[in-house]
Each structure stands twice: as structure tokens, then as C-alpha cells.
There are 2 protein chains.
Amino acid sequence: MAGKRTRLSPEARRAQLIELGVQMLADRPLDSVSVEEIAEQAGISRGLLFHYFASKQEFHVAIVRHTSEEMLAVTEPDPQLPPLEMLHASLTAYIDYVTDNRSGYVSLLRGTASGDPAMREIFEQTRTKMAERVLEQAPNIGIERTPRAELAVRGWIAFVEETAISWLTDPKLTKDELLELVGQALPAVALPPEIAAALLGTASATGQDRAQAAV
Amino acid sequence: MAGKRTRLSPEARRAQLIELGVQMLADRPLDSVSVEEIAEQAGISRGLLFHYFASKQEFHVAIVRHTSEEMLAVTEPDPQLPPLEMLHASLTAYIDYVTDNRSGYVSLLRGTASGDPAMREIFEQTRTKMAERVLEQAPNIGIERTPRAELAVRGWIAFVEETAISWLTDPKLTKDELLELVGQALPAVALPPEIAAALLGTASATGQDRAQAAV
């Protein structure tokens, strides 16, 4: 299915090629994102694609950068929400995003790309942005910014990625159970145990009250 | 510094080459583990090394497999110890091991090797063995083997790896603070919050009593 051959500005063409790559990455591993197929979908020659990207690797890096930005955008915390609900909303958006982009996402974190220095830099920047966001909001649930909290938050992001990938590969929990696991894990690792218990106890009591009230 | 040229059986020679590689990997990234230097240290020709390993990559895989087995051996849980102390002892051995093998360890989990399918399989098997061990001992601290606990333990292993690597790269906590963080994180993510608090509260109270008694 070759796309229509339309005249686009260089910026628009570049953006179109990346967008087609991002869509393709949703359904298949990065290694299978084919320059030929994308050129065909865009209705341009393979040669012209390499006018915009010096190599297949550079094209793949541009796709992965865009995907990471997209993921950061959809998981942006909503400052209108109370802290624990804000966390829950961001985690829900994250799990939905990786579910919708399963093959690509698993290939990025577990495939050949994970060893590529340019890719690794993107992942590293993405994780740093995620950690920064969490640390900005964390004081609202009693997590002050200390070296221990910074390390705990980085570890927690790895926890979320690992559980999400294992769950995508072999989903034995419901999505809600997974969300509860990853949502509780943040205060659990970053706060002293008794404070985490008090916070999460209150949260789940509030949740129960709300459920009761809804009956 | 060329090694003495001694006659070794093929098995012994192979083991010697791997051992030299493991030692070299302690101090430098895997990419810098040089076939030439190792052949020289063993007092054999580069060509003879390739009699034992079909390629540099195959040699590197053998080194990484051996390193992983070594790490599993030193972190083997001591069944004589009470559960939380057993966990603490294994984690201490793990942190000591990665500290002693810093450059190599960081390169395995964060370098080019992390994208190599043969390497990834070794890491995956190593993590699975670590998770199995934890799940075998976990009922002793009230963590029953459920799909949720299995996922939590896998996530916790990623948490420990990530915090260990961040800490090696930029150590802002003491080793004891890091050990407390990673040790508490297991019950914290795998148990309901109030049960984790009770367990860790008791553990730290016991620790205080012991400290008091020692005064």
C-alpha cells in the first residue's frame, strides 16, 4: 500500500517519516522497522529517506527519541489531582502506553537497541526526566529529596520497567493489580516502613470509603 | 609480562583463559578485555586461544557466564542465618562483589553487551536464579509465592541492580545505608504495607536491642 506522493517541506517530510516509524514500532521490534516499507508508505524512494537520515541507525534513533518524548508526554503528571491519584494516573498512562506499544517497547529495553550508545543515552535521559518528575512531586507524599530518596526513585523506575515488561510478556495479574503493585512500591521503598504503611493505609481506607459511598 | 609457557590439558587451558578474562573484567569494561593480552598472559599465541573459543564474542560470553556463576556462588544464602540476616548477608556479598568488579559489572549491564542476545540470555538466567532463591526463602518472612510476589521479586532485583549501579557510579550513601535501602525494599514491595512495617519494625527493634546489649 504505497502512500500518495505529495510534496512536503523538508521538516514535514522528516516528521512524517518519524511518525510512520513510531507507528510501525508499536507493533514490531525496532530491528524490524524497515526503511523500505516506510519509504513506500510515505511514497518516496529509499534514497530520499537517506537524504533525511544519514543511516538506518540514525533513523531508528530519531524514532526512539520521538517515542520516548511521546511516552513522557502521555505520563505527564496532572497537577489538579491529589498526590497519590496523580501517581496512579501517570502509572495508568504508562502501562496503557507500553501495552499499546508492546513489541516496540520490549525490543527497546530488552533487544539489541539496549546496547547501542545513542539509544542508551535516550533511555538514560528519559529515566532522568521521569525521576525528576517523581522527586518534584514526592514531597507531597512526605518523600523529601535526599540522596537516599533519589536512589530509591531511580530504583523504583527500574522496578516499574521490569514488572511492566514481565507483565506484558506473561500477564498473570490484572492491570489494576499491577497498578497497585507499582503504585504502592514508590512510598514503600522511599519512605520509612511505618510512614509508608500509614500513608497507604489512609489511601486504601479513603479508597474504601469512596467505594462505600459509591454503593 | 608474558606468562610461563606450561603444558596444560585442554580443559585446564580453557579454564585458565576464562579465569584470566574474569580477572581482567574486574577492572575494565568487557569491550576492553583483550584477546591479545590474555593470550600473552597465558603464554600462548592468539591463534591458540581461538582454538578454544571460536571468536572473541564466544570468549567474552564464556567470561560473562563464569562471572555470573561466581556472583551467584558468593551470594548463596546461608541457611544457618535467620531470614532477614540471610537476606542482609547475601546483599552484602552482592554489593561487595559488584564493588570489586565495578568496571566490568557496569559494562555488562549498561554497555554494548546488554544488547547481545547471548549475553542477555545469561543475565536473564542469572536473574531467574536470583528470583528463585528469593522466592524459596521468602515464605520465612511472610511472603507467599503468588503471581504478585513473583512479579514483585523480579522488580526488586531490577531495583537492586539499578541502585547498585547508580551508587557505584556516584556513591552518596554509605554502604550500610545502601544495604538498608535494598534490604528493606524487598518486604516493602512484596508485602502489604502494614505487615512490612511490622516485620521491619521488629527487625530494627531487634537490631537496637542487640546494639543495646552489646554496649
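Start by selecting helix 4 and helix 7 of chain A in this predicted model: the angle between their axes is under 35 degrees, and therefore the two helices run roughly parallel to each other. To see this, display residues 56-74 for helix 4 and residues 117-137 for helix 7; their axes cross at roughly 10 degrees and come within 10 Å.

From helix 4 of chain A, pick residues including His60(A), Val64(A), Met71(A) and Leu72(A). Facing them from helix 7 of chain A are, among others, Met119(A), Ile122(A), Phe123(A) and Met130(A). Taken by class, this helix contact holds 10 nonpolar, four polar and three charged residues.

Now bring chain B into view and look at where the chains touch. Chain A puts 34 residues into the contact, and chain B puts in 33. Together they bury about 2,900 Å², with 67% of that area coming from carbon and sulfur atoms. Select Arg148(B), Leu151(B) and Pro193(B): these supply 20% of what chain B buries against chain A, more than any other three residues.

Finally, color chain B by element. Helix 8 of chain B gives the most, with 14 residues. That side of chain B has 16 nonpolar, eight polar and nine charged residues.

Methods: Residues numbered from 1 in each chain as written. Chains lettered and ligands numbered in written order. Predicted model: local features only at pLDDT ≥ 70, side-chain atom pairs only at ≥ 80, totals over all residues. Heavy atoms only, no water. Contact = heavy atoms within 4.5 Å. Buried area = accessible area lost by both parts, 1.4 Å probe. Helix = DSSP H or I, 4+ residues; strand = E, 2+ residues; numbered from the N terminus. Nonpolar A, V, L, I, M, F, W, Y, C, P; charged D, E, K, R; others polar. Axes fitted to C-alpha atoms, helices over the stretch in contact; angles between N-to-C directions. Parallel < 35°, antiparallel > 145°, perpendicular 65-115°, else oblique.
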